[in-house]
Every structure is written in C-alpha cells, then in structure tokens.
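I set out to record where nonpolar side chains gather and which charged side chains pair. My entries follow the display.

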Amino acid sequence: MRDPDTVPTAAELAACAADVQSVRCAELATWIAEGRPCSILDVRTEGEHYSHRIPGARLVPLHELAERVDEVLAMPGPLVVHCEHGIRSLDASVYLVWQGRRDVFNVVEGIVAWPGPV
C-alpha cells in the first residue's frame, strides 16, 4: 500500500486506469446468481446506499476511501466497485489499482442499470 499522502502522477494514473477491468450489471447479476465469489464495494453516499443498493454491497463512500483503504484492500475475491452511474466507481477503481489491488472491476453502467433486487 502506498502512503495516502502521496499523489500519483498522470502517467501512473493512466497506467492504473488501463488495469481496471469493466463489468456490466447483467454480468455481475449472473456472477452473483452463480455464486461466483466477489466483494462488492459501493462508493456512493450513505443516503444513496440506503435508498437502493446491490444486495451484499459494502458501503465505503468515495470521500472515505483513502482513510479506509486497508479495509477495502483486505476484501476477499475480485473487487467489484459501483456507484450510481460508473464515474465515482472508476475513480475509486483507479485509486485501488494504484494502491496495489489487481483484481478490480468497475461497474461501468452504475447501479441505475442493475437488473436485480435493490
């Protein structure tokens, strides 16, 4: 894990962004239905999370991610990150790759495209 006060360069961020994998909501729903192991991270606000969420998702709002990075890096299995539309989750995913996590999947459509129960 990197020092949270260290700021990545543009080149480092670009390299990390290239390592973030993408997943669509329908594919994630299939993973869950099949029992494929993964951890789901919701980086939205508390209000957004409690109004509607993917079952089993763990809330770590984006503004708390740097201070809770150890907790998130320890989450088991592939790490699937989502937000409302896929923008905040991409930011979080790039940050987590920069912190050393390699199995990070960004839900590109966000929860607005989630086909299952919320």
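I note that the model is predicted.

**Entry 1: nonpolar cores.** I looked up the largest nonpolar core and found 19 residues in it. Those with the most contacts inside this core are Leu41, Leu65, Val72, Leu79, Val81 and Leu96. Helix H4 (69-73), strand S4 (79-82) and helix H5 (87-98) each give two or more residues to this core. H5 gives the most, with 6 residues. I then listed the contacts of Leu65, setting aside neighbours within four places in sequence: Val60, Val72, Ala92, Tyr95 and Leu96. Apart from this core lies another, of 12 residues, including Val23, Val80, Phe105 and Val107.

**Entry 2: salt bridges.** I find 8 salt bridges in the structure. In one of them, Arg44 pairs with Glu84, with 3.0 Å between the closest N and O atoms. Arg44 is in the loop between strand S2 (39-42) and helix H3 (46-51) and Glu84 is in the loop between S4 and H5, so the pair ties together parts 40 residues apart in sequence. Both Arg44 and Glu84 are buried.

**Entry 3: Arg101 and Asp103.** I recorded a salt bridge between these side chains, at 2.5 Å from N to O. Arg101 is buried, at 8% relative accessibility.

**Entry 4: a network.** I traced a network of salt bridges that links Arg58, Glu64, Arg68 and Glu71. Arg68 is partly exposed at 22%, and Glu71 is partly exposed at 28%.

Terms used:
Residues numbered from 1 in each chain as written. Predicted model: local features only at pLDDT ≥ 70, side-chain atom pairs only at ≥ 80, totals over all residues. Heavy atoms only, no water. Core = buried A, V, L, I, M, F, W, Y, C linked by side-chain atoms within 4.5 Å. Buried < 20%, exposed > 50% of the residue type's maximum accessible area, 1.4 Å probe, protein only. Helix = DSSP H or I, 4+ residues; strand = E, 2+ residues; numbered from the N terminus. Contact = heavy atoms within 4.5 Å. Salt bridge = Lys/Arg side-chain N within 4 Å of Asp/Glu carboxyl O.
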